[in-house]
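Here's a walk through one protein chain, from its overall make-up down to a few side chains. Have the model open while you read.

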Amino acid sequence: MAAAKQKRVNEVVATHLIGILPLQEAVLFPNTVIPLAVVKKPGIQLVEEALREGRPIGLTVLKDKDTEDPGPDDVRRIGTIGTIQKMLKVPDGTLRCIVAGQSVFNIEQFVQTEPYLVAAYTELPDITQESEELHAMQRNLAGLFQKLLGYLPQAPREMEMEVQNITDPNLLTYFVASTMRLDTADRQAILEERNTDKRMRKLTMLLTKELEVVELGHKIQSDIQREMEKNQRDFYLRQQLRAIQEELGETDPQQAETNELRTKIDEAKMPEDAKKAADRELDRLSKVPQASPEYSVIRTYLDWLVQMPWGIETTDQIDIRNARQVLDQDHYDLEKVKDRIIEYLAVGKLKKRLTGPILCFAGPPGVGKTSLGQSIAKAMGRKFVRLSVGGVRDESEIRGHRRTYIGAMPGTIVRAIRDAGTRNPVVMIDEIDKVGSDYRGDPQSALLEVLDPEQNNSFRDHYLDLPFDLSQVLFICTANSLDTISPPLRDRMEIITLSGYTELEKLQIAKRYLVKKQRLANGLKDSQVQISDTAVRAIIGDYTREAGVRNLEREIGTIFRKVARKIAESPRYKARIRPDNIVEFLSKPRFYNETKKRVASVGVATGMFYTPVGGDILFIEATSMPGTGKLTLTGQLGDVMKESATAAVSFLRSRSGELGVADDFFSKHDLHIHVPAGAQPKDGPSAGTAIASAIASMLTGLKVDSDLAMTGEITLTGQVLPIGGLKEKVLGAKRAGIKKIIMPRRNEVDLDDIPKEVRDTMAFVPVEELSEVFYEALGKRVITPVLLGPEQARRSSNVVPMRRSSVKRVNVNRKARRNSIATGRKR
């Protein structure tokens, strides 16, 4: 019985088989024709065999148009039977053919997949029930389609006649669906709907939507056309009026000026709001006498409007490789900063637009912040404008003055855009940390809108009183210190820190850039003056003690100017600058290494500090004299530093027994702590360890190691807490000749930021308690007594004993000796 059943199935399949040609997006309707390009081998073979044998083919659309090798599960089950009317074979082996649709069919099952798909099928007839409603829908569909054709001038007029001549509702739906602009899913839905009434309703709905879109586009086009015709008419009439005035000899200078401004306004590509404001002011100008004071006010305002680059912009040329080359050519080292800039440009290249936070370069003077902005503009092919806002205290300097004031003018932002000549320049806001505020307003608050990418697309200057789009401007800020920048403004910027340079980095910068620049600036040739590396090192160490290279360049320029003078007096003169003759050009050295001399006495310790201009060392002096226990602090110390000194004294008083100091010493002696230089204000908690070491040196009579400097905040229990700015402090200590650094253990994570040539020549000692500091600084082990008297026990009951067990010297050029790195960090 199973064999007989299988035989019947085979007979049915054998009598209703058709080759299937999958289509990517086209849908063939009955009684319509479509052109096809057959490029795949199975389809080519199917078309050739069908044309040769006179057989029809089945055309169905793919479920996913990107399917490369379609199988039975990749094609839709309902399609159209078609006959090949014409075929052309092109030289590349593909076929071009025209297929006419006959009837709709449904695939029952696939019986063959190679070399092409073959399936058993059944035809699906149209289900039509004649009614008045059906005829009404047919007439409505034909009317809508004819109305749509009226909006399409490229559509042939024969299509309207064809629609009028179609009386069969099914043929009408197929004809309209084949000529309308529908997506593949809608076409397939129309084909699969076999009920004529439902198919016509669905097609009427799609046609109505398409007609609404076309009517809206036509209305927009008509409005634009009318506006263009009005502008052309106005231009033609003005030209005629000008010709008549010239013919009559009645040319008015004021009218000529007005016409010139009108021409500039038309050419400025202003947005609609600005164009209306300009036309309104121009109309006022034409009615105001030239002798009136208001005339010059309106004329100046219009000049600003026509000079603004409303529609002018440069095309970004973001080439990551070229940008890296530009940065490397203009700046030495700064690898982390360069990588961040390249990442910023790479994201802008992928997004086709530079967006994101505003970059802010923070660091000491002379480290290349401004020149980095110039390099970014150069790498992108944009205009570069620099704004210096240092000392600005008036909000109107940013937003401009209102035109009601005499001498009013736009703010610095609008002036910078005008000077750049494009709407997307690179604008560097220099010294943003030195912006002040007073009764005239807060400029930093005005900069909040300028530097916010979410708001600056409609920046309104008080003078222009018109929105201007700043979203395409690339703003870059520079600062020496972040403390004076308001938190909301700082939150809008991404801070990129540039630290001071090491001696080796300064040497390389001088050799690659500064010497060449100053030699060219002073008109010298390479053969006329040569400066050795040792001479440059001498200038760095003896004549310039700075974080950047600005003074270094200035001193090199001084040498070359003196050489230029001697060459002018004696043309054959040639200079070779060496350490032994550098005094002839720069006089005596300005800086000396006085660390050993300054800490040669008892009660002196070397601390470290960090300022906006870089890091350096300071000396803390402590002494005592008979008195009543009074503590005197001098040297212009801030409140935080005074509190650190008080905490150090309190800690040492609590440990007086361990230090071998008499119990009544602090009550019978006054202490005086002084931090030179007295004219320079000082503050911060990081000098706590140095203050405590200076007092301990005075109490024990032991001198502090002259090659050692220290930093760290202290507590009343003797703990050493982390500090900020370790890299800058270490570089300052290196310039001063320090060889060993005592630092908080939780700052070990910051050692990776210190250049390798500095780490290799210095020793770093991480500590957790003051007892470890005293051991390293004084070379004396302070041991808590095993037996304490009653008074000492009561005084020491809440004190953690000092120990030496945690003291470890760290040589940072050997990573294996780094251990127990704390994850906490405090700035």
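## Ground rules

A word on exposure before anything else: buried means under 20% relative accessible area, exposed means over 50%, and partly exposed is what falls in between, with a 1.4 Å probe and protein chains only. This is a predicted model, so local features need pLDDT of at least 70 and side-chain atom pairs count only at pLDDT 80 or more, while totals for chains, interfaces and linings use all residues. Residues are numbered from 1 along each chain as its sequence is written, and side-chain values use heavy atoms, with hydrogens and water left out.

## The chain as a whole

The chain has 29 helices and 24 strands; both are DSSP runs numbered from the N terminus, with at least four residues (H or I) for a helix and at least two (E) for a strand. Of the 827 residues, 46% are buried. The accessible surface comes to about 42,400 Å², and carbon and sulfur atoms account for 51% of that; the areas come from the Shrake-Rupley method with a 1.4 Å probe, and for residues only the protein chains shown count as cover.

What share of the contacts between residues at least 6 apart in sequence join residues at least 24 apart? The figure is 74%, where contact means heavy atoms within 4.5 Å.

Start with helix H6 (residues 184-192), whose buried residues are Arg187, Gln188, Ile190 and Leu191. They sit on the same side of H6 because they cover an arc of only 160° around the axis; the arc is that of the directions from the helix axis to the C-beta atoms.

Further along, H19 has Ala535, Val536, Ala538, Ile539, Ile540 and Tyr543 buried. What do the buried residues of H19 pack against? Their partners are H18, strand E14 (529-531), helix H20 (550-569), strand E15 (575-577) and helix H21 (583-586).

## Salt bridges

A search of the whole structure turns up 45 salt bridges, each one a side-chain nitrogen of Lys or Arg within 4 Å of a carboxyl oxygen of Asp or Glu. Take Lys264 and Glu260, whose closest N and O atoms are 3.6 Å apart. Both residues lie in helix H8 (residues 253-267), 4 residues apart, or about one turn of the helix. Lys264 is partly exposed at 35% relative accessible area, and Glu260 is partly exposed too, at 42%.

Lys511 and Asp533 also make a salt bridge, with 3.4 Å between the closest N and O atoms. This pair links distant parts of the chain: Lys511 is in helix H18 (residues 503-521) and Asp533 in helix H19 (residues 533-543), 22 residues apart. Lys511 counts as partly exposed at 37%, and Asp533 as partly exposed at 33%. Elsewhere, Lys668 and Asp664 meet at 2.9 Å, N to O, with Asp664 partly exposed at 32%. There's also a salt-bridge network, which links Arg324, Asp328, Glu335, Lys338 and Asp339.

## Aromatic rings

The structure holds 6 aromatic pairs. Rings of Phe, Tyr and Trp (its six-membered ring) pair if their centres lie within 6.5 Å, with planes under 30 degrees apart called stacked, over 60 edge-to-face and the rest tilted. Phe145 and Phe175 have ring centres 6.2 Å apart and planes at 75°, so they are edge-to-face. Phe145 lies in helix H3 (residues 132-150) and Phe175 in helix H5 (residues 169-179), so the pair ties together parts 30 residues apart in sequence. Both Phe145 and Phe175 are buried.

Then there's Arg403, which lies over the face of Tyr301, 3.8 Å from the ring centre. A charge sits over a ring if NZ of Lys or CZ of Arg is within 6 Å of the ring centre and within 35 degrees of the ring normal. Arg403 and Tyr301 turn up again as contacts of Glu281, along with Ile298 and Leu302, leaving aside neighbours within four places in sequence. Glu281 lies in helix H9 (residues 272-287). Is Glu281 buried or exposed? At 5% relative accessibility, Glu281 counts as buried.

## A proline in a loop

Pro425 belongs to the loop between helix H15 (412-420) and strand E9 (426-430). It is buried, with a relative accessible area of 0%. Leaving aside neighbours within four places in sequence, Pro425 is in contact with Arg382, Lys383, Ile417, Ala420, Val473 and Leu474. Pro425 and Ala377 are 48 residues apart in sequence, yet 7.8 Å apart in space, C-alpha to C-alpha.
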